[in-house]
Amino acid sequence: MVRSERKDENTIKAGDLIFVYLDRKRQFLIQAIQDLEFSSDLGNMDLSNIIGRPYGYVGETHLGNKFYCLKPSTADLMMKLKRRTTIVYPKDLGCLLLETVVGPGARVIDIGTGSGALAMVLAKLVAPDGKVFSYERRAEFIELARANIERAGYIENVEFHCCDPAEQEFSQVDIDAVFVDVPEPWTIVPKAAIALKGGHHLVCWSPNIEQVKKTVEALNQNGFVRIRTSELLEREMLVRQQGVRPRERSITHTAYLVRAQKILEAIRD
Ligand SMILES: C[S@@+](CC[C@H](N)C(=O)[O-])C[C@H]1O[C@@H](n2cnc3c(N)ncnc32)[C@H](O)[C@@H]1O
């Protein structure tokens, strides 16, 4: 790629998302539009000429405080979307994505859609020609997720289904990975086993260990092997002149992560 094209990639265009950062408490995900103005308690930010500037741009509020126009990470896109449900946390999703084969062109199933955080990340990964089939039983959450994913720019890669897959088969087969984030994952396992490609992965999240136990039983009964469960703990560190130590308050528990792979019946010659 020639240098001028690379430079252009880093230029803020109309509709792009910008992570505007003042400090830890003041960070916003903003869509670039003409004549954009934005304000915080640290002053008004003039973003009227932001289109055409590069990411990394440093501005100053009318009260003289610096603000930074940063490129949002995938985790920023997740954490800043409009939420009406709990969402999958980046630390948990990051790990499980590496334990599946999701990438450009993949066809994956996501149950339940909720606020669309997981569906949005999956859509970003399967783009440009893959598909996320996202299942949700409540229509209002599909509309919320649609708006969130449209804003992030990946709606072309998502197909929503408003139903309960515990009660009916998935419409898809030969799926590369199944992601389950519902309170009763074990009810989905038999249907997921039919939709998944042989050897491929089902992953799910549950806040309580009682849920995990039932899910693992269902996985054992429906032709899954290599079933593993874990919990990931993350501690943020304060790195300062006066002393380096963990932050006192943090999210101590998110979910238990379960992953498994589907086998086919033994083939005899
Ligand atoms: C925790 S939220 C999912 C959040 C989502 N993964 C995200 O990252 O934004 C769980 C969602 O599953 C939906 N749900 C629960 N059981 C379901 C089922 N059997 N079939 C379809 N959707 C279901 C709920 O309505 C809720 O929206």
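Colleague: What share of the contacts in the protein chain with a separation of 6 or more comes from residues 24 or more positions apart?
Modeller: The share is 62%. Please bear in mind that this is a predicted model. Its protein chain comprises seven helices and 15 strands.

Colleague: How many residues does the protein chain have, and what percentage of them is buried?
Modeller: There are 269 residues, and 43% of them are buried. The accessible surface of the chain comes to about 15,000 Å², with 49% belonging to carbon and sulfur atoms.

Colleague: Why is N157 called buried?
Modeller: The term buried requires a relative accessible area under 20%. N157 has 7% relative accessibility, and therefore N157 counts as buried.

Colleague: Where is N157 placed, and what does its side chain reach?
Modeller: N157 belongs to the loop between α5 (139-152) and β9 (158-162). Its side chain reaches the backbone oxygen of G130 at 3.1 Å.

Colleague: Why is helix α4 described as largely enclosed by the rest of the structure?
Modeller: Eight of the 10 residues of α4 (residues 117-126) are buried, so the helix is largely enclosed. The buried residues include A117, L118, M120 and V126.

Colleague: Which strands form the open sheet, and in what order?
Modeller: Seven strands form it, in the order β9-β8-β7-β10-β11-β15-β12, and the pairing is mixed.

Colleague: What makes β9 and β12 edge strands?
Modeller: β9 and β12 (224-230) each pair on one side only. On average, neighbouring strands of this sheet are turned by 15 degrees against each other, direction ignored.

Colleague: Which strands of the sheet does α4 touch?
Modeller: Helix α4 packs on the sheet and touches β7 (107-111), β8 (131-136), β9, β10 (175-180) and β11. The direction of α4 makes about 165 degrees with that of β8. Another helix, α7 (residues 209-221), lies across β11, β12 and β15, and runs at about 170 degrees to β12.

Colleague: How do you know that β11 and β15 pair?
Modeller: Pairing needs at least two bridges. β11 (residues 196-206) and β15 (residues 256-262) have six bridges, in the antiparallel sense, and therefore they count as paired. In β15, Y256 is the bridge partner of S206.

Colleague: What do β1 and β2 form?
Modeller: β1 and β2 form a hairpin with two residues between them. β1 (residues 17-23) and β2 (residues 26-31) pair in the antiparallel sense over six bridges. The bridge partner of L17 in β2 is Q31.

Colleague: How many residues surround the ligand, and which are the closest?
Modeller: The ligand is surrounded by 21 residues, and the closest are G116, A117, E136, D164 and D181. An oxygen atom of the ligand lies 2.6 Å from an N or O atom in the side chain of E136. A ligand oxygen atom is also 3.1 Å from a polar backbone atom of G116.

Colleague: What percentage of the area that the ligand exposes alone does the protein bury?
Modeller: Taken alone, the ligand exposes 610 Å², and the protein buries 92% of that.

How values were computed
Residues numbered from 1 in each chain as written. Predicted model: local features only at pLDDT ≥ 70, side-chain atom pairs only at ≥ 80, totals over all residues. Heavy atoms only, no water. Buried < 20%, exposed > 50% of the residue type's maximum accessible area, 1.4 Å probe, protein only. Helix = DSSP H or I, 4+ residues; strand = E, 2+ residues; numbered from the N terminus. Polar contact = N/O pair within 3.5 Å; in protein donor to acceptor, adjacent residues only side chain to side chain. Axes fitted to C-alpha atoms, helices over the stretch in contact; angles between N-to-C directions. Contact = heavy atoms within 4.5 Å. Near = heavy atom within 4 Å. Areas by Shrake-Rupley, 256 points an atom, 1.4 Å probe, with all protein chains shown as cover.
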